[in-house]
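I opened the model to look up a few local features. My notes follow.

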Amino acid sequence: MIALVQRAHHAHVDVDGETVGQIARGVLILLGVRDGDSETEALWLAKKVAKLRLFPDPAAPDQRPSHASLLEIGGEALVVSQFTLYADTHKGNRPSYVHAARPEHAEPLYRVFCDALS
């Protein structure tokens, strides 16, 4: 399982012109589930993301490096399932997604990750 995490002041996802998810301050996460991943990886990664020190300390916002986690700032998370994170581009010009989990395996783990992150 892999998560691409980006700090955000706000973020939203639109599908066919309709907003299906949005957050204020927090993180936008592109989540890739690999064939063979389990709940163990989903729970571990959710805990890791929640504790990443990505934000300035509210008491000293100009201080670097960052000292506050998503939990500490009370931030939000917008998680987007993204199988393309497991694209293999070593051969040819057409990406292969053989390592990405099939939807019937990935979706339950996506939900476990999101629930744990909540």
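Before reading off a helix length I noted the rule: the expected span of a helix is 1.5 Å times one less than its number of residues. I also kept in mind that this is a predicted model.

Entry one, helix H3. I looked up residues 103-117 and found 15 residues in the helix. From first C-alpha to last, H3 reaches 20 Å, close to the 21 Å expected at 1.5 Å a residue. I then asked which residues of H3 are buried. They are Ala106, Leu109, Tyr110, Val112, Phe113, Cys114 and Leu117. I traced what these buried residues pack against: strand S4 (26-32), helix H1 (39-51) and strand S7 (76-81).

I located Arg53 in strand S5, residues 53-55. Its relative accessible area is 48%, so I logged Arg53 as partly exposed; the exposed class begins over 50%. I listed its contacts, leaving out residues up to four places away in sequence: Ser66, His67, Ala68, Ser69 and Glu72. Two of these partners I checked for polar atoms. The Arg53 side chain makes a polar contact with the side chain of Glu72 at 3.1 Å. A polar atom of the Arg53 side chain also lies 2.3 Å from the backbone oxygen of His67. I took one C-alpha distance as well: Arg53 and Leu70, 17 residues apart in sequence, are 7.4 Å apart in space.

I found Asp16 in the loop between strand S2 (11-15) and strand S3 (18-23). Its phi is positive, about 50°, although Asp16 is not a glycine. Is Asp16 buried or exposed? I recorded Asp16 as exposed, because its relative accessible area is 80%.

How values were computed:
Residues numbered from 1 in each chain as written. Predicted model: local features only at pLDDT ≥ 70, side-chain atom pairs only at ≥ 80, totals over all residues. Heavy atoms only, no water. Helix = DSSP H or I, 4+ residues; strand = E, 2+ residues; numbered from the N terminus. Buried < 20%, exposed > 50% of the residue type's maximum accessible area, 1.4 Å probe, protein only. Contact = heavy atoms within 4.5 Å. Polar contact = N/O pair within 3.5 Å; in protein donor to acceptor, adjacent residues only side chain to side chain.
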